[in-house]
Amino acid sequence: MGEAGAAGRARLGSRATGGAQPLMRMQQPIRTIYLECTSTYRFDHRTGIPRVVRNLVRHFRRLAPSYGFAVVPVHFADGAFHRVPLGEDERFVSVTQDGTGELGRSRGRRILDTLAKFAPGGALRSALLAPSTQPGVAALVRHVSAKAARFVPRARRERADAVEIGACDVLFHVDLTMAVDLRDAHARLRANGTFVCAIVYDLIPLQHPDLWPPGFVDHFRNWIVATIASSDRIFTISRAVESDVERYRAGLPAGSFPEGQAIEWFHLGYDMDLAEDNEAPRAALREIFESPTPVLLNVGWFDPRKNQGRLVEALGRLHARGVAATLLLVGKRGIGAEPVFEALRAHPQLAASVLFFHDLSDAELLFAFRHSRALVYSSYAEGFGLPLVEALMLGLPALVSDIPVFREIADGHAVYFDPFSVDSIAATVEAFLVHGDYPAANASQPFAWMSWEESAQRLFGMLTRALPGP
């Protein structure tokens, strides 16, 4: 049992020696849920999965006492799990803040960004600009650094914040942690009786392997197979992903996963209304919305599955037909982002109409949602789609890809197009901008969505009901 459980045993032992009451009537020791957050702790891009991880940690910690649990966020290093330090505001005090890695990483990031400016377009530039959590030069440097760390004396690398996960505790992988090999740790914990579970966010690298380097696809496949093999319970972030994981698991050899393993889904929460909107957005962002030209918002990583390249092509066709619009792309640059810039080079007349922001604060993103004409979400593969929820909750019309998870989330409040057809995207946007067409079945009804507190409470309840014992 973990640290909180050990404390419970100590209290129980002191009562027994005092003879106040029979041992069998003592309060059960507190069980600990260890939330594994390795990737977010090391490389928090403040988007996507890290945002989910931070919300789950915050709300699980608030919910735990009423359920009789303790919650401890952990990361994996040097073959052991270590406590993630939290600041006064419950934010992670990550390696970029505690002095253990900030200087080297930020300097290295600046070097790679500078080299990318002089590199020819294509794969080389994408490899230089890719963050360390995606295939590229930064990921290679991180891998080599991890190998070199083995030669550093262990006494210098071991941390005093290591935790001992016990038989009655829970190890819950709420992060997508592919950078470390957890198979040996899982084997030890499961042999000891620890309940192991994980969130699977999507299977996109396996569904669209052509979008990723072969090595990354193999790495992801190894990760998902290991996750299925070691998890007593799997949670997914939508019904669509639940179906994908069930189909994938059905294709694995017999005995590839624990007997009685169940897969359950939950939905992510909405918290854009909690963003600090008293922060004045930067002038460059405000100026975009001061123009009478309508602004179409797209939020997400720049990578092939987000399909921004076809979206730029569609905007080019609209401009050729005299339909003016500005496309605001908000997100960080991922691996394979070059199609977006190839589309721009093919339409130089759009240079002033396609604008990029890689570092908007929550308040600035909220400003963009509130002042755009519509969200145009062109992805052809998603596990969930938080920007769609955020747009609809803020009353922003949503023109989105016709994919199962967007149908699941929007439930008749959005308008759909074929993400693989530039003609379909252009026609849908033109009908909306020129004629005001928004034929969403439930457009006249208010859109409602759960908060992060409600989402976390649902997941917490699912987890605790799955645990063996009282």
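This is a predicted model: local features need pLDDT of at least 70, side-chain atom pairs count only at pLDDT 80 or more; totals for chains, interfaces and linings use all residues.
I noted a volume of about 40 Å³ for the largest cavity. I listed its lining as Leu296, Leu311, Ala314, Leu315, Leu318, Leu327, Ile425 and Val429. Helix H13 (308-320) and helix H18 (422-435) are the elements that each give two or more residues to this lining. H13 gives the most, with four residues. By class I counted eight nonpolar residues in the lining, with no polar and no charged ones.

Next I looked up helix H10, which runs over residues 214-230 and has 17 residues. From first C-alpha to last, H10 reaches 24 Å, close to the 24 Å expected at 1.5 Å a residue. I then asked which residues of H10 are buried. They are Phe216, Val217, Phe220, Trp223, Ile224, Thr227, Ile228 and Ser230. The partners against which these buried residues pack include helix H8 (183-192), strand S5 (195-200) and helix H11 (239-250). Helix H9 (204-207) and strand S6 (233-236) are also among them.

I placed Thr40 in helix H2 (residues 38-42). Is Thr40 buried or exposed? I record Thr40 as buried, because its relative accessible area is 1%, under the 20% cut-off. Leaving out residues up to four places away in sequence, Thr40 touches Pro50, Val53, Arg54, Phe92 and Asp175.

Last, I checked confidence. The protein averages a pLDDT of 83, and 77% of the residues score at least 70. Over residues 3-27 the pLDDT is below 50, and I noted 22 contacts for this stretch beyond near neighbours in sequence. Residues 148-158 also stay under 50, with six contacts beyond four places in sequence.

Conventions: Residues are numbered from 1 along each chain as its sequence is written. Side-chain values use heavy atoms; hydrogens and water are left out. Buried means under 20% relative accessible area, exposed over 50%, partly exposed in between (1.4 Å probe, protein chains only). Contact means heavy atoms within 4.5 Å. The expected span of a helix is 1.5 Å times one less than its number of residues. pLDDT is the predictor's confidence in each residue, from 0 to 100. On a 1 Å grid over the protein atoms alone, a cavity is a set of points where a 1.4 Å probe fits but cannot get out, and a pocket is an open set with protein on both sides within 12 Å along at least five of seven lines; lining residues have an atom within 4 Å of a point. Grid points are joined across faces, edges and corners, and a volume is the space filled by probe spheres set on the points. Ala, Val, Leu, Ile, Met, Phe, Trp, Tyr, Cys and Pro count as nonpolar, Asp, Glu, Lys and Arg as charged, and the others, Gly among them, as polar.
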